[in-house]
Amino acid sequence: MNESVLVVDDDVDVRETLSSVLLSEGYLVESVKNGKEAIKASETGYFDVALIDMELPDMKGIEILRRLKEKQPRMVMIIITGFPSLENAVKAVNEGAHGYVLKPFNVAELLKMLRKRLDEKAAEYFQFRTEIEKNTVFSEQFKKPKGSIFTR
Amino acid sequence: MLVTELEPEVGHDLNLESMKLLKGHDRGYKFTIELSPVGIMNMDMKGIVTSVNAALLEGTGYSEHEIVGKHFTKLKFFRAQDITKFLKLYGLILNRRTPKKFQYAFIHKDGTLHQCETFVSLLEAGGKRTGIQAMCIDTTGIRQAEHNRKEMLAKQKLLNEKLNVISQLTRHNIRNKLSAITGNIYLGKKQLAAGHKALEYIDKIESSCSQIVKILNFAGVYEMLGVEEAAHADVEKAFEEAVLLFPDLGGVRIINRCKGLVVLADSLLRLVFYHLIDNTIKYGRNVSQIVVCYEEAGAGKLRLAYEDNGCGIPQAEKSELFSKGYEKGSGFGLYLVKEIMKVYGWTIKETGKSRQGAKFAITIPKTNRNGRINYRLTSSMNTELGVLQELEGQQLTDPTRWFSASSNARSQRTAKGKCSD
């Protein structure tokens, strides 16, 4: 199944270009121009990744990141910005961004990063599921009274 | 009141010598009053002007004849609306409740309005009040200059704000459009078969875009130099935050030994560390470890050392290392580091040996240009200093050896991968 990406950027050229690039790489893409639309999109659809512009007319990228994380905690969040600042980069990473990319982005590197983050997330999820299953089996076994213990 | 005027009252108490001395002082006093650049006006108990000096005549534009002998309320240079206030003040002064100074406006004979600051004192002789002396300073020029200065500062602030917004917005818009260009270049290249002639031109466009980005990055940081107010920054934390910006360090081990060190710096300190790490990751070759530590360097100085165990910097390149346009990378990174150091009043030197790793020694003086303390060491530093003193004389070039003697738990972080952004 193709992975889905939500592109959030108020610049139409950036939005269109990113969408075209991602589509050409086989991702499913939905692009929106502000925070409000991004949150709405996350309520109606599932996304594996969100590429979020740091400065949007209605809210900051960090705020969108927080709100999207509440709705879809497994979503990979990458902040993209045309206002580079270390302050913002640190803030974004501390808020849980999986990447901080400066505009203009190197497309090949962005795609590589995207792939890596998605693979890491998938591996994390796989490990989590394995742990859950293991614990479930263990607890099931623990709950089951062993005949020998209860035999007088 | 002059000694000559006092003579009938006190003369019987003074011998001839004293009288001569006092008369000498009297002449000196008259001379001082006459030559004073401050306008001086004496009045008797009734408010009649008894004398004025040259500065007051020049300042008001009126002649002695037009002022002396007249009641002060009749003087033409005072504004009608101020007379009531002056009469009240005159009463206060006579009752020894003298205000130290007061300000008002007066009209010069040429019709121009001047601002004045006046100091008043009660004249007394033999315990009796004899009149009032007013010393007037024309503050029109000073006030005008102050007003102009404030106006200019406000204009400058507004201009700076505008310039800042324009430059940031412009850079932001350029970055957006460059994103569209690079994105479309990527898509265009995908459509062309390998070896297609057009690819050569597209690569050139890409290279130009990359140069524009480097210029934009440099301009953005350069604009911030010396603008932000310096505050006490935790070096260990600043370094950790710089490390965080590299999601992929390619397995390089980070040893941050700056616990307890606080320095006077702005947020660009992180950028200093960022560029040093970036330099290591990009050009260090086979780096497995980065160490940052500090030690007191004697004579009220502190040395902050950053070093890696990569290939080092060739001797031939060292002199150009901090120059703008140094050919490796953008040519701005280490230049910016040096510029930031200049603003802080610190110095930076590359002291490593080629093929043994790069080593940057930052020297921080105890106080800055304004006498503010540049660095301070918290209690945890004492333990570190003990360790450093023990190791005195040992070479810092082997970071593992340098720190292995400390029994304290080390703040270490191993990051996987390398920088991808």
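Among contacts in chain B between residues at least 6 apart in sequence, what percentage join residues at least 24 apart? The answer for this predicted model is 60%. Chain B has 421 residues, of which 26% count as buried. Its secondary structure consists of 13 helices and 14 strands.

In chain A, helix H1 covers residues 12-24. The end C-alpha atoms of H1(A) lie 18 Å apart, and this agrees with expectation because 13 residues at 1.5 Å a residue should span 18 Å. The buried residues of H1(A) are A:Val14, A:Arg15, A:Thr17, A:Leu18, A:Val21 and A:Leu22. In an α-helix, residues three or four places apart point the same way, because there are 3.6 residues a turn. Just after H1(A) comes A:Gly26, with a positive phi of about 95°.

The contact between the chains involves 28 residues from chain A and 28 residues from chain B. On the side of chain A that touches chain B, at least two residues each come from H1, helix H4 (86-94), strand E5 (99-102) and helix H5 (107-143). H1(A) supplies the largest share, seven residues. The table divides the residues of this side of chain A by class.

| Class, side of chain A that touches chain B | Number of residues |
|---|---|
| Nonpolar | 16 residues |
| Polar | six residues |

How values were computed. Residues are numbered from 1 along each chain as its sequence is written. Chains are lettered from A and ligands numbered from 1 in the order in which they are written. This is a predicted model: local features need pLDDT of at least 70, side-chain atom pairs count only at pLDDT 80 or more; totals for chains, interfaces and linings use all residues. Helices (H or I, at least four residues) and strands (E, at least two) are DSSP runs, numbered from the N terminus. A residue is buried if 20 or more other C-beta atoms lie within 10 Å of its own, exposed if 12 or fewer, and partly exposed in between; C-beta atoms are placed from the backbone. Two residues are in contact if their C-beta atoms, placed from the backbone, lie within 7 Å. The expected span of a helix is 1.5 Å times one less than its number of residues. Ala, Val, Leu, Ile, Met, Phe, Trp, Tyr, Cys and Pro count as nonpolar, Asp, Glu, Lys and Arg as charged, and the others, Gly among them, as polar.
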